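Here is a report on one protein model.

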Amino acid sequence: MSSEQRKAFPFSEFEPKWQGEWEAKKAFRTPNPGDADFDASKPKYFVLDMFPYPSGNGLHVGHPEGYTATDIIGRFKKMSGFNVLHPMGWDAFGLPAEQYAIKTGTHPRVTTEANVANFTKQLKSLGFAYDWDREVNTTDPGYFKWTQWIFLKLYNSYVGDDGKAHPISELEAQGLSREEIDHRRLAYVSEAPVNWCPQLGTVLANEEVVDGKSEVGGFPVERRPMRQWMLRITAYAQRLIDELDGLDWPESIKLLQRNWIGRSEGAHVKFEISECGTRNAECITVFTTRPDTLFGATYMVLAPEHPLVDVIAASEWPANTPDAWKGDHSALRTPHSAIEHYRKQTAAKSDLERTELAKTKSGVFTGAYAINPVNNERIPIWIADYVLMGYGTGAIMAVPAHDERDFEFAKKFKIPCIPVVTPHANWFAAHASEFVITTNIENSEADLKWTVGELLKQGAMTRADLKQMLLAFYTNNCAAFKVAYSDEGVAINSGFLDGLTTAKAKEEAIKWLEEKGLGKGTTNFKLRDWLFSRQRYWGEPFPIVWENGQHRSIPESELPLLPPTLEDFKPTGTPEPPLSKATDWVQYSATAKRELNTMPQWAGSCWYYLRYCDARNSERFVGVEAERYWMTGSTDFKSEISNLKSPGGVDLYVGGTEHAVLHLLYARFWHKVLFDLGYVSTPEPFQRLVNQGLILGEDGQKMSKSRGNVVNPDDVVREYGADALRLYEMFMGPLEQVKPWSMKGVEGVYRFLARVWRLVMEVDDEGVWSISKALQDVPANKQLTKALHETIKKCGEDIEKLSFNTAISQMMVCTNTFTGAEVKPAGAIVTFLKVLSPFAPHLAEELNAQIRAKFPNLAAPGFLSDETWPKYDPAALIEDEVEVVFQVNGKLRDKARVPIQATKEEIEKIALASARVQEFMEGKPAKKVIVVPGKLVNVVV
């Protein structure tokens with residue numbers, strides 16, 4: 001692009017000017033209840049961005065997409081009479097900052113502060129209307145004091161029979177022992193198998209492990225049991241499912257959360273270990289969603305980490321144990337050594353690799369057997385990595401005929417498959433057509449061999465007979481099929497359940513188990529409790545001390561608990577966290593030591609939206625009045641809230657789909673605990689959720705430094721201005737869609753802004769800009785008035801729907817209409833600038849100021865963001881003219897707008913008066929004039 005084109009309007013002069021004006025005059029400060037300038041008569045609108053992690057790389061053009069969307073609707077809502085809360089902050093604890101600090105020898109606080117400063121500068125250069133007085137930073141002691149405080153609320157709470165959080169003091173009043181209370185805390189200690197990365201020296205969450213390696217650094221990760229802090233999110237599993245219904249979220253995100261929580265109905269079943277003697281001895285308990293298939297259980301699997309494995313493992317292999325059951329190492333001669341070898345292999349895999357990504361089934365026979373409770377059959381007990389200790393009981397009954405994983409495992413190790421459910425006919429049609437079946441057809445002298453497909457094609461037998469034949473074949477040879485049948489049907493080979501439908505068989509099986517004391521109907525969830533410990537330095541210290549082997553909380557008066565100042569914050573190389581190096585800090589008292597783990601990065605992001613409501617409150621995590629107003633809109637701070645308009649407090653939450661499950665689930669969990677304890681006013685944090693689409697590089701690939709396709713917004717701002725970047729990101733397409741970046745697209749939007757500039761300004765030969773002579777204090781004509789009011793209406797409606805691209809298209813149409821007018825009505829253009837201002841605030845403010853200098857009574861007296869959103873006049877939208885084309889001998893020669901009510905005779909006169917029509921008539925008289933009202937006139941000569 002040439003330098004002349006780049007100077008289409010002087011954005012580099014006025015954009016920094018207005019950013020300075022807004023900051024100096026705190027144009028976007030939002031008063032709170034109790035402030036002198038708070039207007040309680042206005043409704044509230046809380047619009048929120050998922051706050052960023054301030055990395056050293058700074059922003060890329062994907063970041064401003066969501067931020068621009070929230071900025072537009074925030075500005076619009078403010079102009080529409082709302083008190084708008086639109087804040088920004090930093091999710092600044094975490095592993096990346098710590099790893100960078102270790103690599104460079106710079107303290108993570110130093111690098112974090114530098115990164116925050118850079119991000120702040122970049123965001124301010126884009127003109128976002130944030131209330132910077134409410135800025136939060138998760139690493140600020142004034143912030144993480146309250147993160148620690150909320151943890152103590154979890155630590156000192158339990159979930160009662162009503163499904164709600166209650167203070168632990170209630171259990172103490174009931175006389176429960178310390179051990180009983182600790183087993184019910186929402187924050188508790190557990191020996192849990194975790195993803196341990198020796199190189200990073202920390203436990204990693206599942207989402208931080210990719211293909212068995214750490215996401216940061218690509219180092220090997222292994223599974224090992226470690227003492228960890230856990231949060232009992234499973235106690236809220238059903239509420240987390242049920243209370244999604246009242247939220248205005250994408251259905252796909254709701255489905256992801258429901259699937260992640262994974263509610264399932266079934267039964268817990270006890271399997272006696274064969275060598276234990278009686279049914280009252282130690283048993284293995286499994287959860288199954290299909291108790292109707294118990295008769296088909298032919299083996300059991302324990303997670304390799306299951307504590308019973310070492311107890312039940314045989315000292316020698318039972319007679320006739322197949323070699324394939326003994327593991328894949330020839331040197332392994334006993335069950336114990338085979339188990340130990342297999343456990344080491346499993347420790348190197350993530351949960352995802354052990355389940356969804358597992359392509360090949362593996363396992364080892366323990367040498368022990370269990371007793372199937374429904375038929376007293378002895379079935380072998382295995383360990384296999386596809387069973388996880390953290391899900392259910394860490395043990396399963398395997399029914400290979402009706403579960404795909406079990407089916408593949410059984411076929412590999414030649415374990416019997418017993419079908420106990422009849423497949424549907426269409427399943428047979430899909431999976432049995434390749435089988436050759438021997439049958440005797442009437443009048444045939446010998447048995448003939450037919451494929452199922454041929455039998456159907458030849459009509460050699462009825463479908464009913466064929467189904468019976470296939471069922472018989474399946475019953476005796478189900479392992480010959482390529483897949484397991486996992487759907488419902490009718491019970492077979494199942495004793496007292498035979499002939500029952502799956503639903504009825506489940507009921508009867510559970511009833512029988514409960515009568516015999518061998519099981520109980522129950523609901524289970526795939527969701528596991530939240531592993532809340534990290535062996536890192538750069539995180540919130542736990543406000544916990546250990547004394548005589550027991551944990552207890554420190555007094556709230558000692559918060560915030562600051563991390564020690566360490567010069568050496570590298571991992572210790574063992575599970576001992578880096579905080580262990582701060583020996584003086586660790587020693588809390590003569591007999592007590594501090595907890596050495598730190599909280600995960602998720603902790604600070606669980607509640608930051610609440611802190612925005614009252615960011616400078618030093619006495620409370622959020623003031624009562626501020627929380628009540630910004631989360632419910634109510635200013636009646638003393639009475640109980642009834643009939644909430646919506647369960648969620650944040651009116652609009654915009655962010656990426658990568659946080660669809662974990663962050664949103666964790667935040668909902670913390671919020672519900674705080675709600676139960678009476679600290680917040682709504683049961684949900686976020687009412688409306690919108691996920692912006694990913695912005696790809698110009699090559700159509702995801703932006704990354706390795707691909708060299710990352711676009712720095714600073715470069716775009718330098719070349720085309722902040723308004724052009726903002727407008728282009730909204731013009732690319734619907735907010736939720738994935739879109740490729742295009743610099744040509746930026747240039748197109750830039751040219752549109754230049755046209756808007758030239759509605760008001762003109763340039764002389766010296767390159768000096770001044771007010772255009774065409775700009776005058778005159779009323780707009782009908783055509784301009786109609787275009788303006790169409791734009792007011794459509795843009796207002798489109799902003800509410802977050803359809804920013806179509807709103808911009810309408811503004812382009814309006815600009816083109818005004819550009820075509822010889823005289824530009826200043827008052828109408830000021831109104832147009834109000835509509836444009838949420839999208840391109842710098843340009844709109846500058847042009848308004850230029851108009852104000854010449855026409856003080858026409859322009860807005862202050863910032864456009866303080867103006868009222870213009871109202872459209874429905875009467876101005878009524879179409880009272882229509883465009884009619886004029887033809888001569890059937891060829892288009894001219895067109896004109898004529899009144900809709902014009903008669904044929906009037907339209908004919910207008911057409912014949914056209915200079916272009918007269919030119920092509922060449923002085924000849926009209927033989928015939930055909931008039932189609934509202935469409936065309938054809939003059940025949």
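The protein holds 32 helices and 38 strands. Helices (H or I, at least four residues) and strands (E, at least two) are DSSP runs, numbered from the N terminus. This is a predicted model, in which local features need pLDDT of at least 70, side-chain atom pairs count only at pLDDT 80 or more, and totals for chains, interfaces and linings use all residues. Residues are numbered from 1 along each chain as its sequence is written, and side-chain values use heavy atoms, with hydrogens and water left out.

## Overall picture

Along the principal axes, the C-alpha atoms of the protein fill a box of roughly 115 × 100 × 55 Å. Of the 941 residues in the protein, 52% are buried. Buried means under 20% relative accessible area, exposed over 50%, and partly exposed in between (1.4 Å probe, protein chains only). Contact means heavy atoms within 4.5 Å. Among contacts with a separation of 6 or more, 72% join residues 24 or more positions apart.

The mean pLDDT of the protein is 90, and 94% of the residues score at least 70. pLDDT is the predictor's confidence in each residue, from 0 to 100. Residues 1-6 stay under 50, and the model gives them 8 contacts beyond four places in sequence. Residues 276-280 are also below 50 in pLDDT; this stretch has 9 contacts beyond near neighbours in sequence.

## Helix packing around H28

Helix H28 spans residues 804-819 and packs with helix H26, residues 743-760. Their axes are 10 Å apart, at an angle of about 40°. Axes are lines fitted to C-alpha atoms, for helices over the stretch in contact, and angles run from 0 to 180 degrees between N-to-C directions. H26 and H28 are therefore oblique to each other. Angles under 35 degrees count as roughly parallel, over 145 as roughly antiparallel, 65 to 115 as roughly perpendicular and the rest as oblique.

From H26, the contact uses Phe752, Arg755, Val756 and Leu759. From H28 come Met811, Met812, Thr815, Asn816, Phe818 and Thr819. By class, these residues are 6 nonpolar, 3 polar and 1 charged. Ala, Val, Leu, Ile, Met, Phe, Trp, Tyr, Cys and Pro count as nonpolar, Asp, Glu, Lys and Arg as charged, and the others, Gly among them, as polar.

H28 also packs with helix H25, residues 722-731. Here the angle is about 115° and the axes are 7 Å apart. Leu727, Met730 and Phe731 of H25 meet Phe804, Asn805, Ile808, Ser809 and Met812 of H28. This contact has 6 nonpolar, 2 polar and no charged residues.

## Backbone exceptions

Most residues other than glycine have a negative phi, and most peptide bonds are trans. Lys26 has a positive phi, near 45°. Lys26 lies in the loop between helix H2 (11-24) and strand E1 (44-49). Its relative accessibility is 45%, so Lys26 counts as partly exposed.

Asn548 is not a glycine either, yet its phi is positive, about 55°. Asn548 sits in the loop between strand E22 (544-547) and E23. With a relative accessible area of 75%, Asn548 is exposed.

Leu559 and Pro560 are joined by a cis peptide bond, with omega about 0°. Pro560 is in the loop between strand E23 (550-553) and helix H19 (583-586).

## Buried loop residues

| Residue | Loop | Relative accessible area |
|---|---|---|
| Ser837 | H29 (826-836) to H30 (841-854) | 5% |
| Leu527 | E20 (519-525) to E21 (530-531) | 8% |
| Pro31 | H2 to E1 | 12% |

The contacts below leave out residues up to four places away in sequence. Ser837 touches Arg75, Met79, Ala844 and Leu864. Leu527 touches Ile233, Thr234, Ala237, Trp260, Ile261 and Leu665. Pro31 is in contact with Asp37, Phe38, Arg134 and Trp630.

Leu527 and Ala840 are 313 residues apart in sequence and 45 Å apart in space. Pro31 and Pro575 are 544 residues apart along the chain, with 48 Å between their C-alpha atoms.
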